[in-house]
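Thanks for coming, everyone. I'll walk through the side-chain contacts residue by residue. Please have the structure open.

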Amino acid sequence: VKDLIPNCEYYFRVKAVNKIGGGDYLELRNPIIAEDPKQPPDPPVDLEVHNPTSKSVTLTWKPPLFDGGSKIMGYIIEKLAKGKERWERCNDYLVPLLTYTVKGLEEGKEYQFRVRAENAAGISEPSRITPFVKAVDPIEAPKVFLAANLQSGLEVKRGDEIILEAHISGSPYPSITWLRNDEVVRPEDIKKRVTAPKKKKGESILSVRDSIRADHGTFTIKVENDHGVAKASCEVNVLDTPGPPVNFVFEDLRKNSVICKWEPPLDDGGSEILNYVLEKKDNTKAEMGWVTVSSTLRHCKFHVTKLIEGKEYLFRVFAENRVGAGPPCVSKPMTAKDPFSPPDAPNKPDVEDVTSNSMLVKWNEPKDNGSPIIGYWIEKREINSTHWARVNRNLVNALEVKVEGLLEGLTYIFRVCAENAAGPGKFSPPSDPKTAQDPIIVPGPPSCPEVKDKTKSSVALAWKPPQKDGGSPIKGYIVEMQDEGSTEWKKVNEGDKLFPTCECVIPNLKELRKYRFRVKAVNAAGESEPSPATSEIPVQDILVEPEIFLDLGAQDLLSCRAGTTIKIPAVIKGRPVPKTFWEYEGKAKTAAKVEATDTRSEIIIPECNRSHSGRYSITAKNKAGQKTVHVRVNVLDVPGPPKDLKVSDITRGSCKLSWKMPDDDGGDRIRGYVIEKRNIDGKAWTKVNPNCGSTSFVVPDLITGQEYFFRVRAENRFGVGPPAETIQRTTARDPIHPPDPPIKLRIGLVTKNTVSLTWKPPKNDGGAPVTHYNVE
């Protein structure tokens with residue numbers, strides 16, 4: 001009897017049955033509980049011994065592999081002393097966990113241990129017995145750890161108490177020594193401010209009262225027993241005000257300023273120096289107090305200004321950290337005065353490059369008198385005025401300056417003075433007078449003419465203007481030509497007319513004759529030198545072979561969807577203007593429309609279809625030659641119908657369809673095929689599959705005896721094409737074969753002219769009922 005529900009109660013009964021009927025039931029008197037049979041559990045496994053001491057040992061184990069069909073209620077632990085024969089129970093009550101600490105062992109004795117499991121059915125066999133374990137305390141090297149708040153060091157303010165706490169272990173318990181900077185800490189060494197370390201097993205606390213700056217350093221606790229030494233250290237920082245800065249000196253002393261410089265304190269007080277406070281005092285007046293120069297200095301250097309020349313000063317500087325300001329560092333007395341004098345006057349300036357509104361003034365560097373020259377001041381004066389005007393707003397560092405903004409026609413003189421750290425010196429003698437006006441000269445030559453175009457009777461030239469116009473605007477250009485075999489240059493311009501721009505067309509030239517050309521520029525000062533002459537230029541029409549440039553989107557292959565308009569634009573170049581015509585696969589395309597100009601031709605096919613796919617050619621022809629360019633057009637559409645659709649392997653529930661790929665894939669890869677069926681009485685087609693990737697498919701789920709038509713359509717990314725359909729109806733039935741021969745042919749009653757025959761039908765009817773028998 002199977003499939004019973006665990007822990008349910010069941011009654012059972014049974015009766016005998018023959019062909020006449022069933023007899024009486026035999027029933028169980030008491031119900032049966034559906035549960036596995038119970039038995040004592042298997043012994044526990046993996047018994048291990050841990051942490052033995054002189055009085056105790058800890059045991060761990062794993063539960064039995066089989067609990068006997070009943071929950072484990074607990075475990076019994078037993079021990080056997082070496083030299084004894086009887087096992088002793090260690091626990092009065094069952095142990096519910098998988099670990100137990102056996103206590104009350106005798107120091108120095110050896111013991112073995114075992115464990116039993118107990119369930120409702122009884123007690124298991126004992127586990128594997130442990131090896132002998134000796135009851136002795138373990139050997140442990142000393143260990144020491146500082147309190148968590150000391151792991152990254154300790155920082156206190158001056159006067160606060162330093163408290164260092166450490167946790168210690170080791171067997172036997174180690175001795176303890178405290179050290180500061182590798183020296184043993186004794187109360188008498190720190191003026192009895194040290195409290196002796198508290199002695200409590202497992203910890204040690206060192207206390208230093210009324211801390212001072214000298215107490216900072218590395219405090220170390222050292223613990224030691226017979227099995228080793230351990231140390232732990234803590235960096236203690238006692239915060240105090242910093243010491244005085246050192247090495248106060250003066251740099252770059254001037255009559256009204258000085259640079260004060262110093263070095264940081266030798267002791268920063270245990271905290272970063274935040275800033276310095278610099279103060280000064282008038283040392284000539286005893287009653288004058290200290291005046292703060294700056295209280296926010298981050299660096300050890302400061303430029304003090306606004307001093308009074310000739311006075312004697314004292315300076316002092318304090319360092320500040322986050323505790324406060326320390327004692328000052330006082331400087332020696334200092335008198336405000338310059339160590340040098342202003343520079344000498346430069347020599348008489350020279351004036352060059354005179355224009356209508358600017359002049360270039362130059363001079364020589366004078367003697368600097370002990371301080372480097374930092375620049376120059378330049379002044380100008382109109383010759384009829386008595387007022388000198390400064391030219392530059394800022395000091396000039398060079399030995400020349402271009403003075404701009406002058407008034408055309410006025411005459412000017414200039415003078416210069418130098419300046420160093422002591423101030424500006426004397427001015428130089430004035431320059432010679434110069435009048436503000438532009439110098440006018442003939443312009444430079446134009447560039448060599450270039451031939452831009454030519455015919456059988458004319459040449460078109462172009463050139464670039466001269467780089468210099470000579471100070472006067474270019475009025476125009478003169479073009480000259482030299483006939484083939486002649487050395488004479490003839491003017492092309494009519495009369496005194498000038499060509500106003502940098503191009504011209506020279507007419508009435510003789511065909512096939514060679515000429516050279518050159519150009520002159522003209523301004524108010526006259527004609528320039530001629531430009532470089534061209535090489536000999538034959539006068540004739542320019543023949544350029546045709547060139548055809550297809551639109552970038554139409555090069556090599558143009559793809560488009562059926563029903564859209566095909567446009568193939570082409571740009572035509574060549575001289576003379578080429579004649580163009582389009583062809584499709586070597587023949588004129590009658591359905592296409594062509595729009596053409598002298599420089600452009602475009603073929604247009606509205607509402608294209610797959611028949612418009614193929615190679616299109618455009619040909620351009622002129623006297624210089626002929627050029628043909630091809631472009632292949634691919635009109636993309638749904639694929640055509642599949643070919644040779646056949647039905648095979650017909651059964652009563654399925655049949656196999658097979659076909660060949662369409663002749664036309666629509667210009668794109670066929671993604672699959674859609675297969676549909678229709679029974680002979682219905683009008684709607686039913687899809688058989690979502691998509692078929694091969695050229696055959698087994699149609700499932702046919703109804704036995706039902707007649708069907710099938711069709712298949714190819715699909716690409718543009719859609720589903722027209723179908724290929726079966727012509728003959730297909731009946732869903734198993735294939736019919738000839739039946740097996742009849743069996744057990746027997747001869748019955750025989751007379752003089754008859755015989756009686758009997759037989760049994762064949763074992764296999766071939767898939768169809770036997771209609772009749774042939775007797776031979």
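Start at arginine 322. Its side chain and that of glutamate 155 are joined by a polar contact of 2.3 Å. By polar contact I mean a pair of N or O atoms within 3.5 Å; within protein, one must be able to donate a hydrogen and the other to accept it, and residues adjacent in sequence count only if both atoms are side-chain atoms.

Some ground rules before I go on. This is a predicted model: local features need pLDDT of at least 70, side-chain atom pairs count only at pLDDT 80 or more, and totals for chains, interfaces and linings use all residues. Residues are numbered from 1 along each chain as its sequence is written, and side-chain values use heavy atoms, with hydrogens and water left out.

Back to arginine 322. Its side chain also makes a polar contact with the side chain of serine 271, at 3.3 Å. Where is arginine 322 located? In the loop between S29 and strand S30, residues 329–330. Strands here are DSSP runs of E, at least two residues, and helices are runs of H or I, at least four, numbered from the N terminus. Arginine 322 counts as exposed, at 52% relative accessibility. The cut-offs: buried is under 20% relative accessible area, exposed is over 50%, and partly exposed is in between, with a 1.4 Å probe and protein chains only.

What does arginine 322 touch, leaving aside neighbours within four places in sequence? Glu155, Leu239, Ser271, Glu272 and Leu274. Contact means heavy atoms within 4.5 Å. For a sense of span, take glycine 574. It is 252 residues from arginine 322 along the chain, and the two C-alpha atoms are separated by 89 Å.

Next, salt bridges. The rule is a side-chain nitrogen of Lys or Arg within 4 Å of a carboxyl oxygen of Asp or Glu. The count comes to 35.

One is glutamate 279 with arginine 316, where the closest N and O atoms are 2.6 Å apart. Glutamate 279 lies in strand S26, residues 275–282, and arginine 316 in strand S29, residues 312–320, so the pair ties together parts 37 residues apart in sequence. Both residues are buried.

Another is arginine 610 with aspartate 664, at 2.7 Å, N to O. Arginine 610 is in the loop between strand S53 (600–605) and strand S54 (614–622), and aspartate 664 is in the loop between S57 and S58, so this pair ties together parts 54 residues apart. Arginine 610 is partly exposed, at 22% relative accessible area. Aspartate 664 is partly exposed too, at 26%.

Then arginine 713 with glutamate 676, at 3.5 Å, N to O. Arginine 713 lies in strand S61, residues 707–716, and glutamate 676 in strand S58, so parts 37 residues apart in sequence are tied together. Arginine 713 is partly exposed, at 22%. Glutamate 676 is buried, at 7%.

There is also a network. Salt bridges that share partners join Glu480, Arg518, Lys520 and Glu527.

Now stay in strand S58, and look at arginine 678. Arginine 678 is buried yet has no salt bridge. Which side chain of opposite charge is nearest? Glutamate 725, 5.7 Å away. For charge, Lys and Arg count as positive and Asp and Glu as negative; His and the chain ends are not counted. The side chain of arginine 678 does reach the backbone oxygen of glycine 682, at 2.9 Å. Beyond four places in sequence, arginine 678 touches Lys683, Ala684, Trp685, Glu707, Tyr708 and Phe709.

Last, the rings. Rings of Phe, Tyr and Trp (its six-membered ring) pair if their centres lie within 6.5 Å; planes under 30 degrees apart count as stacked, over 60 as edge-to-face, the rest as tilted. That gives 15 aromatic pairs. Tryptophan 759 and tyrosine 773 form one that is edge-to-face, 5.6 Å centre to centre with 65° between the planes. Tryptophan 759 lies in strand S65, residues 755–760, and tyrosine 773 in the segment after S65, so the pair ties together parts 14 residues apart in sequence. Ring pairs also link Phe248, Phe250, Trp262, Tyr276, Tyr313 and Phe315 into a cluster.

That's my tour. Questions, please.
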